[in-house]
Amino acid sequence: MKLHALFGALLVSASPAIADDYLYLRCKTSVDLVNTNSTTSKITEDRTMDDISILKVDFKMKTILDSRSEGPLDIAIQDKILTIPQRIDDRELKLEDVGRIELTPPYALSGKGTAIYKSKNQTSTYSYEGLCKEVDASVFESALKESSVGSDSSQEFQL
């Protein structure tokens with residue numbers, strides 16, 4: 001299963017960033033996922049999986065980007081908590097997700113959401129939590145390049 005656009009991809013072609021404008025994080029996350037048939041309400045899958053995300057927080061533009069995604073998401077910051085609200089409602093997918101990252105080490109990450117795959121009659125509910133570590137910009141850029149090379153392969157879960 002691939003959750004579309006939880007974090008979007010941004011082409012990194014600019015010069016190296018000023019350290020205070022960006023924060024690069026490598027996050028290890030545990031995701032609890034339950035898939036149900038939207039018509040019958042029968043649970044089709046109930047599992048926990050691990051995920052690793054490489055993130056770029058752009059404080060100036062107020063966005064966050066997962067190296068595996070199609071584009072950045074808007075963020076809000078209040079009381080040293082970064083919040084990532086996301087809502088999508090198109091022909092294929094209805095998604096509501098709210099993620100949070102504490103902006104002080106160890107950068108705790110948590111969130112939950114619901115995704116409805118309209119053509120598949122499938123609803124996914126999930127929650128996630130984990131910890132992030134600060135990494136160099138080069139780690140993000142390398143992950144972004146690797147992701148664009150393997151863009152045809154599906155990801156289990158994107159934060």
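Is Cys-27 buried or exposed, and what is its relative accessible area? Cys-27 is buried, with a relative accessible area of 0%. Here buried means under 20% relative accessible area, exposed means over 50%, and partly exposed lies in between (1.4 Å probe, protein chains only). The model is a predicted one, in which local features need pLDDT of at least 70 and side-chain atom pairs count only at pLDDT 80 or more, while totals for chains, interfaces and linings use all residues. Residues are numbered from 1 along each chain as its sequence is written, and side-chain values use heavy atoms, with hydrogens and water left out.

The structure holds one disulfide, defined as a pair of cysteine sulfur atoms within 2.5 Å. Cys-27 and Cys-132 form this bond, with their sulfur atoms 2.0 Å apart. The torsion about the S-S bond is about 105 degrees, so the disulfide is right-handed. Cys-27 lies in strand S1 and Cys-132 in strand S9, so the pair ties together parts that are 105 residues apart in sequence. Strands (E, at least two residues) and helices (H or I, at least four) are DSSP runs, numbered from the N terminus. Cys-132 is buried as well, with a relative accessible area of 3%.

The nonpolar interior was examined next. A nonpolar core is a set of buried Ala, Val, Leu, Ile, Met, Phe, Trp, Tyr and Cys residues joined through side-chain atoms within 4.5 Å. The largest such core has 25 residues. Leu-25, Ile-64, Leu-82, Ile-84 and Ile-101 touch the most other members. At least two residues of this core come from each of strands S1 (22–37), S2 (43–58), S6 (81–89), S7 (93–102), S8 (108–117) and S9 (122–134). S1 gives the largest share, five residues. Contact means heavy atoms within 4.5 Å. Leaving aside residues up to four places away in sequence, Leu-82 touches Val-57, Ile-64, Ile-75, Ala-76, Ile-77, Gly-99, Arg-100, Ile-101 and Leu-103. A second, separate core has six residues, among them Ile-54, Leu-65, Phe-140 and Ala-143. In soluble globular proteins, nonpolar side chains tend to be buried together.

Strand S6 has two faces. Leu-82, Ile-84, Gln-86 and Ile-88 make up the covered face. Ile-81, Thr-83, Pro-85, Arg-87 and Asp-89 make up the uncovered one. Strands count as paired if DSSP finds at least two bridges between them. S5 (76–78) and S6 run antiparallel and are joined by three bridges. In S7, Glu-102 is the bridge partner of Ile-81. A hairpin of three residues joins S6 to S7. The S5–S6 hairpin has two residues between its strands.

Backbone exceptions fall in the loops. Most residues other than glycine have a negative phi, and most peptide bonds are trans. Asp-79, in the loop between S5 and S6, has a positive phi of about 50 degrees although it is not a glycine. At 69% relative accessibility, Asp-79 counts as exposed. Tyr-107 is found in the loop between S7 and S8. Its phi is positive too, at about 55 degrees. Tyr-107 counts as buried, at 8% relative accessibility. A cis peptide bond joins Pro-105 and Pro-106, with omega about 15 degrees. Pro-106 has its place in the loop between S7 and S8.

Aromatic rings were paired by geometry. Rings of Phe, Tyr and Trp (its six-membered ring) pair if their centres lie within 6.5 Å; planes under 30 degrees apart count as stacked, over 60 as edge-to-face and the rest as tilted. The count comes to three aromatic pairs. The ring centres of Tyr-22 and Tyr-24 are 6.1 Å apart and their planes stand at 35 degrees, so the pair is tilted. Tyr-22 is partly exposed, at 22% relative accessible area, whereas Tyr-24 is buried, at 9%. Tyr-22, Tyr-24 and Phe-140 form one aromatic cluster. Tyr-126 and Tyr-128 have ring centres 6.2 Å apart and planes at 20 degrees, so this pair is stacked. Tyr-126 is buried at 4% relative accessibility, and Tyr-128 is buried at 6%.

A charge sits over a ring if NZ of Lys or CZ of Arg is within 6 Å of the ring centre and within 35 degrees of the ring normal. The charged end of Lys-120 sits over the ring of Tyr-117, 5.6 Å from its centre.
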